[in-house]
Amino acid sequence: EVAPSAPAARAFPKGFLWGSATASYQVEGAVNEDGRGPSIWDTFSHIPGKIKNGDTGDVANDHYHRYKEDVQLMKALGLKTYRFSVAWPRVFPQGTGTPNPKGLDFYHRLVDELLAADIQPYCTLYHWDLPQALEDKGGWQSRDTSEAFANYAGYVAEHLSDRVKHFMTLNEMSSFVSGYASPRHAPGLTLPPAGVNQVRHHAVLAHGLGVQAIRAHAKPGTKVGLAENASACVPIIETPEHIAAAAKAMREVNAGYLTVIMEGRYTDAYLARAGADAPKFTDADMKAIGTPVDFVGLNIYTPTYVRADDSPAGFARIPSPESYPHMMSPWLHVGPEALYWGPKLAAQIWNIKEIYITENGASSTDVLTPDGHVYDSDRVMYLRNYLTQLHRAVSEGVPVRGYFLWSLMDNFEWADGYAYRFGIHYVDFATQKRTPKTSAHFYREVIARNGLA
Ligand code: GBH
């Protein structure tokens with residue numbers, strides 16, 4: 001009998017932070033408890049036809065009541081860190097004005113539970129659940145929402161920063177801005193380009209004002225960043241000309257979001273493209289937007305393939321052939337090198353010293369067998385390949401300090417409701433029973449050996 005030799009270890013740097021992530025509206029439920037106000041996702045998910053199967057986040061994973069059990073899932077995995085988001089309408093039910101201490105108490109309890117399990121809390125302040133009261137006054141179309149966000153962010157940081165050392169302002173600006181451009185996301189408006197560009201400007205402004213407010217109110221030593229789904233530009237072939245094109249693309253494709261935040265100005269090409277629809281802004285806005293951050297979080301799922309091109313821009317995006325492989329979500333094209341080129345190009349272009357992969361993960365059909373297993377070999381394949389490319393990046397010295405797998409457990413997948421599962425724990429939503437999938441066992445091994453086998 002042959003005893004195959006073990007594969008060579010591919011270790012990550014000592015102290016690499018292995019984590020997992022969720023977001024408030026996707027897991028908490030308890031939407032009417034302890035004084036929480038409604039958010040735009042409560043409104044949106046209750047509009048017939050908006051969410052697959054008529055699902056809502058009313059109960060979701062009931063995490064609001066089951067957080068202790070969920071922290072035990074994390075502990076069993078060996079997680080070093082956990083990224084959660086605070087629901088703004090729990091803390092300020094009307095968005096502004098008088099805070100609701102009972103709402104904030106939930107996060108005090110969660111943070112204490114995490115620390116007792118030796119898990120570092122990473123806190124996102126906005127994962128799309130805007131207080132409905134603010135939407136009623138124009139939402140992200142109004143500059144007042146950027147100011148309201150900063151007040152809220154400063155308030156939460158003031159109260160949690162004795163125990164939470166890392167805050168992220170906004171999760172995926174382009175995703176929630178799309179709620180003003182397409183009917184798939186709350187609030188579901190379809191504004192003309194000028195309106196969308198102004199919403200986008202208010203998003204990056206909220207980030208900048210939020211960074212300043214957190215710095216003003218948090219304990220010394222608190223770090224502030226964001227969690228942005230910047231397009232991870234990947235050279236179609238790794239030659240100098242295509243690599244140079246990918247670097248140009250990385251700046252231009254992300255010009256309205258990460259680029260303006262890192263550089264404090266809109267690129268000329270961005271303003272030229274927008275033309276008469278360009279956002280209105282002041283010098284003071286731009287200064288706030290460019291406030292230096294302590295770290296950058298990148299949510300990376302799919303690659304944006306780029307080639308060198310003779311056009312003035314110097315690059316062209318390569319549209320995916322119809323046969324391009326994807327996970328269960330049709331948009332989730334598999335491209336592991338996104339986890340190499342994304343952080344590498346970002347670090348080099350903007351001289352970033354501290355990067356986290358704040359989300360990466362995959363949807364699968366996830367069948368629960370009668371004897372209680374979920375053999376999600378597709379998700380394991382996805383994770384193994386992406387982590388291989390992340391290993392390649394950190395081995396070259398790209399300063400990625402941690403990785404947050406999306407998601408700890410199946411949850412409310414926005415317009416796709418509960419039909420699309422991203423968890424490494426299976427959730428039976430009728431009973432709320434959580435079951436580790438094969439991917440959870442895989443990830444526990446990665447964490448235990450601090451790397452790939
Ligand atoms: C992240 O978005 C989110 O931060 C997280 O809340 C979410 O659960 C997770 O990914 C998985 O989706 O359906 O064709 O209109 C990832 C980026 C941007 C991907 C919006 C889906 C909609 C494409 N998302 N996009 S489509």
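## Core, strands and helices of a predicted model

The largest nonpolar core of this structure has 148 residues, and those with the most contacts inside it are Trp 41, Trp 88, Tyr 126, Trp 140, Phe 149 and Tyr 403. Helix α9 (residues 193–217) gives the most to this core, with 10 residues. The structure is a predicted model. In soluble globular proteins, nonpolar side chains tend to be buried together.

Which residues does Trp 88 touch, leaving out those up to four places away in sequence? Among them are Tyr 126, Trp 140 and Phe 149. The contacts of Trp 88 also include Gly 95, Asp 129, Leu 130, Pro 131 and Leu 134, as well as Thr 145, Ala 148 and Tyr 152.

### Strand β2

Is strand β2 (residues 17–21) mostly covered or mostly uncovered? Five of its five residues are buried, so β2 counts as mostly covered; buried here means under 20% relative accessible area. Leu 17, Gly 19 and Ala 21 point one way from β2, while Trp 18 and Ser 20 point the other way. In a regular strand the side chains alternate between the two faces of the sheet.

Strand β2 pairs with β12 and with β3. The strands β2 and β12 (residues 400–406) run parallel and are joined by five bridges. The pairing of β2 with strand β3 (residues 81–85) is also in the parallel sense, over three bridges. Gly 19 takes part on both sides: this residue stands opposite Phe 404 in β12 and opposite Thr 81 in β3.

### A sheet of three strands

Another part of the model is an open sheet of three strands in the order β7-β9-β10, with mixed pairing. Strands β7 (232–235) and β10 (315–317) stand at the edges, each with a single partner strand, so one side of each has no neighbour in the sheet. On average, neighbouring strands of this sheet are turned by 40 degrees against each other, direction ignored.

Strand β9 (residues 303–308) pairs with β10 in the antiparallel sense, over three bridges. Here Val 306 stands opposite Arg 317 in β10.

Two helices lie across strands of this sheet, as the table shows.

| Helix | Residues | Lies across | Angle to β7 |
|---|---|---|---|
| α10 | residues 240–253 | β7, β9 and β10 | about 165 degrees |
| α14 | residues 338–350 | β7 and β9 | about 110 degrees |

Technical notes
Residues numbered from 1 in each chain as written. Predicted model: local features only at pLDDT ≥ 70, side-chain atom pairs only at ≥ 80, totals over all residues. Heavy atoms only, no water. Buried < 20%, exposed > 50% of the residue type's maximum accessible area, 1.4 Å probe, protein only. Helix = DSSP H or I, 4+ residues; strand = E, 2+ residues; numbered from the N terminus. Pairing = 2+ DSSP bridges. Axes fitted to C-alpha atoms, helices over the stretch in contact; angles between N-to-C directions. Contact = heavy atoms within 4.5 Å. Core = buried A, V, L, I, M, F, W, Y, C linked by side-chain atoms within 4.5 Å.
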